[in-house]
Amino acid sequence: MRRFLCLLTTALLGVGCGSPPPLRIGIVLDGDGERGATLAANDVNGSGGIGGRHLELRILRGLSSTSAKVALTAAESLVSDPTILGVVGHTNSSASLAGAQVYNEHHLVQIAPTTTAPLYSEAGRYSFRLVASDVHQGEFLARLVLADPTRPRVALVYVDDDYGRALHGTVTRGLSARGITAVYEAPYSEGEGFTDIDEFAHAIARSRPGLLVWLGRAPELRNLLPKLRAAVPRIRVLASDGFSGPGMLIDSTHSIIGVRYVRFLDLGNPTPAVRALRKRFEINWAGEEFTDQYLMGYQGVRLLAEAIRAGGDNREAIRQYLSELGSTRPPFPGIAGPIAFDAHGDPNPSYYLAEVTVDGSKAVAPIASRQRP
């Protein structure tokens, strides 16, 4: 009878007799974030797991990491699974905000690796993120514009979603506080909605800007820039963090050379752990960009694994552990620097400026940095 029960348990739970069940977390990230998350789980398990228990990822792919509508379905699926102890995701602000409603209602911790929308600070007690609110990035970008000794005429273009609209608001307030008014402002739609490129480029050119502040992502800018530079040859481009990512590398015409953009990583002075992680990335995915999403996905899983180990393997204990980082507990020693949260689940803001270099869009050189206390 004992042997029969052992075999039955093995069949039902997928574990051997005497082996504890795995500890499970949900992953709702894009391809780069998923790579980092998977590597982190492998590292945790390679060092003995969490208290001897295997860490298992439940990965949800497709549009759930970037589409608000699909994110809701993904979040419902994760909260209804009692074995899921926490979630690392989603990739962008729209999806993270949508999922946060569900996670907070069901008391499931969400760690959003690269979500920057200011509204996320008010999402709830179970919502944490690894990058700061765009309230701070908007200020950072406004300071960079003001620091330009040429005092250029500024064109401001932003993606028409939660990320772009919120960042547009913080940048314009920062510019206005410094007496700068954009000579052109307009939103754009991503993907198939961005079809009127010629008209868009001509509209920007008519305002005679010297600087384009791009609050969006790389693919659309890559398509726009050749036409815009044909009309305004000396225009310079300053882009937000959304520009960074795998889309940068699809640039056979080198149209984005010279674009300066915000990153969350200090590539000029990386920690030894970041250098080691980058080397592993380059071995596994040679020729692809080492992105912030990859590193933050890795850090999100390592942080959640430590919360389970030190806090406990239940949802409320995990939330409690994260909320205490930097106050009653020391900050978590993340590979890119210490991680601590304020009362809103936000970390300390830190930004670095990089530039796509002349020897190819794969090479990114840091040229400035700023961190706010």
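What share of the contacts in the protein chain with a separation of 6 or more comes from residues 24 or more positions apart? The share is 68%. Welcome to this predicted model, whose protein chain holds eleven helices and 14 strands. Below is a short tour, from the whole chain down to a few aromatic rings.

**The chain as a whole**
- Of the 373 residues in the protein chain, 53% are buried.
- The chain has an accessible surface of about 16300 Å², and carbon and sulfur atoms account for 53% of that surface.

**Helix 3 and helix 4**
- Helix 3 (residues 68–79) and helix 4 (residues 93–105) have axes that come within 8 Å and cross at roughly 35°.
- Their crossing is right-handed.
- Residues of helix 3 in this contact include Ala68, Leu72 and Val79, and among their counterparts in helix 4 are Ala98, Val102 and Tyr103.
- Sorted by class, the contact consists of ten nonpolar, two polar and one charged residues.

**Aromatic pairs**
- The count of aromatic pairs comes to eleven.
- One of them is stacked: tyrosine 188 and tryptophan 214 are 4.6 Å apart centre to centre, with 20° between the planes.
- This pair joins strand 7 (residues 184–188) to strand 8 (residues 211–215), its two members being 26 residues apart.
- Tyrosine 188 is buried at a relative accessible area of 3%, and tryptophan 214 is buried at 0%.
- Phenylalanine 281 and tyrosine 294 form an edge-to-face pair, 4.6 Å centre to centre with 65° between the planes.
- Here phenylalanine 281 belongs to helix 9 (residues 272–284) and tyrosine 294 to helix 10 (residues 292–311), and both residues are buried.
- Ring pairs also link Phe281, Trp285, Phe290 and Tyr294 into a cluster.

Note on methods. Residues are numbered from 1 along each chain as its sequence is written. This is a predicted model: local features need pLDDT of at least 70, side-chain atom pairs count only at pLDDT 80 or more; totals for chains, interfaces and linings use all residues. Side-chain values use heavy atoms; hydrogens and water are left out. Axes are lines fitted to C-alpha atoms, for helices over the stretch in contact, and angles run from 0 to 180 degrees between N-to-C directions. Helices (H or I, at least four residues) and strands (E, at least two) are DSSP runs, numbered from the N terminus. A crossing is left-handed if the near helix is turned anticlockwise from the far one by less than a right angle, and right-handed if clockwise. Contact means heavy atoms within 4.5 Å. Ala, Val, Leu, Ile, Met, Phe, Trp, Tyr, Cys and Pro count as nonpolar, Asp, Glu, Lys and Arg as charged, and the others, Gly among them, as polar. Buried means under 20% relative accessible area, exposed over 50%, partly exposed in between (1.4 Å probe, protein chains only). Accessible areas come from the Shrake-Rupley method with a 1.4 Å probe; for residues, only the protein chains shown count as cover. Rings of Phe, Tyr and Trp (its six-membered ring) pair if their centres lie within 6.5 Å; planes under 30 degrees apart count as stacked, over 60 as edge-to-face and the rest as tilted.
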